[in-house]
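This briefing covers a surface patch, a pocket and side-chain contacts. Please keep the sequence and the structure open while reading.

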Amino acid sequence: MIGGGYVGLVSAACFAEFGIEVAVVENSPTRLAALREGRIPIYEPGLDKLVESNMQAGRLTFGDDIATAVKGAEAVFIAVGTPPRNGDGAADMQYVHTAARQIANALTGYTVVVTKSTVPCGTSRRIAEIIREERPDAEFDVASNPEFLREGSAIGDFMKPDRVIIGLDRKAADGGERAEAVMRKIYRPLYLIEAPLVFMNLETAELTKYASNSFLAVKISFINEIANLCEKLGADVHDLAKGMGLDGRIGRKFLHPGPGYGGSCFPKDTLALSRIGQEAGSPIRLVETTVQVNDARKIGMAGRIIAACGGSVHGKKIAVLGLTFKPETDDMREAPSIPILHRLAEAGAEVRAYDPVGMDVAKPMLPPSTVYCKDALDAAKDADALVVLTEWTIFRALAPKAIREAMKGKVVVDLRNIFDPQAMRAEGLEYQSIGRP
């Protein structure tokens, strides 16, 4: 497994749990030292125990020498970052290409080189070209195996997936049969529990990941816009979403209104798919618009908070509950809290924030004036207004009375709809949520 980041580490630990011997290659000395000591540098529930048990069993090892890790391997997975390229949003492929060159020089026998990273169409074939340029004698095939791991539930997603997408080189002399046999062997434990293994050509597999994430992003932005309309017309977006979601053609997931999507996948992948479409002369206008709508929504949420505070937050204490882009992760990438807190600080607010796991990661990204608190009620103490940005379960358990007694003011802006409006208002709180009367 080339790359010990989120995708590489979760995948490696789960493959090891299958009984496979997995060697993870990580070039960051700090991260590698942590992994070798059994310290997990990311927050993912259950991952620490999974890594520890498989290290003790000798199935999971960590190092920085690709040659040692690749020697004798049946498959080598590339799980390095593909961040947005500065300027145009296209995926930056430098890390993938570097890994391909290093793998080429380490191959010792027939190996399937598998792309786990999210990459544009044509990447797997470019990897094959790089390997042939470096090692004309190498015996290998390429495959694409995109991940569909949700932060906070990644282990369950890997062990009990909706599907496993595997792209093969159908133009190869054997039609990709040899590589398919290796991939079926690797994923045999999932086949035995009847998880769908879906085989397709390389380009289709590469595009499937972008299409899936972008569709979900469109769905989120759609319900956010509908929530705005509900507020204008007196409708309830939760009841509306239930009415929509019970239609089997639509489904209930990702119909939860909020301050906009964030994280490591949706923002990056929607930008990349937009760029892919533009370069292919087939623009994906729905996705392009979704990117614009989501960016505008994050900025607009700060305006909503300021309006709820009477049009000004200058000199006011604002309690913020939740900083990460979603619960059960410490990921701050593209989190709505970043533009919102910066706007509030610029408007003169004193921001007091609490997040169960994300504060250390958040500090470099948020205004220096932000005060970090020991718990939710500590953040709410003497606050003029309270804002919910992440729907952590512990916040749902907060009693309206406890919130009212901790605060100096009465304004509560719930951007995740975690509280009961009637219960909050019964305590005398000036409660606002998203898309609900």
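The points below concern a predicted model and are grouped by topic.

**Second largest pocket**
- The volume of the second largest pocket is about 550 Å³.
- Its lining is made up of 25 residues, and those closest to the centre are Ile-20, Glu-21, Val-22, Ala-73 and Ala-75.
- By residue class, the lining of this pocket has 16 nonpolar, four polar and five charged members.
- At least two lining residues come from each of strand S1 (22-25), strand S2 (60-63), helix H4 (66-70), strand S3 (75-78) and helix H8 (177-186).

**Aromatic pairs**
- The count of aromatic pairs is nine.
- In the pair Phe-15 and Phe-77, the ring centres are 5.1 Å apart; the planes stand at 40 degrees, so the pair is classed as tilted.
- Phe-15 belongs to helix H1 (residues 6-17) and Phe-77 to strand S3, so this contact ties together parts that are 62 residues apart in sequence.

**Salt bridges**
- The count of salt bridges is 21.
- Glu-203 and Arg-125 form a salt bridge through their side chains, with an N to O distance of 2.5 Å.

**Surface patch**
- A nonpolar patch on the surface consists of Tyr-191, Leu-192 and Ile-193, which together have about 340 Å² of accessible area.

How values were computed. Residues are numbered from 1 along each chain as its sequence is written. This is a predicted model: local features need pLDDT of at least 70, side-chain atom pairs count only at pLDDT 80 or more; totals for chains, interfaces and linings use all residues. Side-chain values use heavy atoms; hydrogens and water are left out. Patches are made of residues with over 30% relative accessible area and no salt bridge: like charges are joined within 9 Å, nonpolar side chains (Val, Leu, Ile, Met, Phe, Trp, Tyr) within 5 Å. Accessible areas come from the Shrake-Rupley method with a 1.4 Å probe; for residues, only the protein chains shown count as cover. A salt bridge is a side-chain nitrogen of Lys or Arg within 4 Å of a carboxyl oxygen of Asp or Glu. On a 1 Å grid over the protein atoms alone, a cavity is a set of points where a 1.4 Å probe fits but cannot get out, and a pocket is an open set with protein on both sides within 12 Å along at least five of seven lines; lining residues have an atom within 4 Å of a point. Grid points are joined across faces, edges and corners, and a volume is the space filled by probe spheres set on the points. Helices (H or I, at least four residues) and strands (E, at least two) are DSSP runs, numbered from the N terminus. Ala, Val, Leu, Ile, Met, Phe, Trp, Tyr, Cys and Pro count as nonpolar, Asp, Glu, Lys and Arg as charged, and the others, Gly among them, as polar. Rings of Phe, Tyr and Trp (its six-membered ring) pair if their centres lie within 6.5 Å; planes under 30 degrees apart count as stacked, over 60 as edge-to-face and the rest as tilted.
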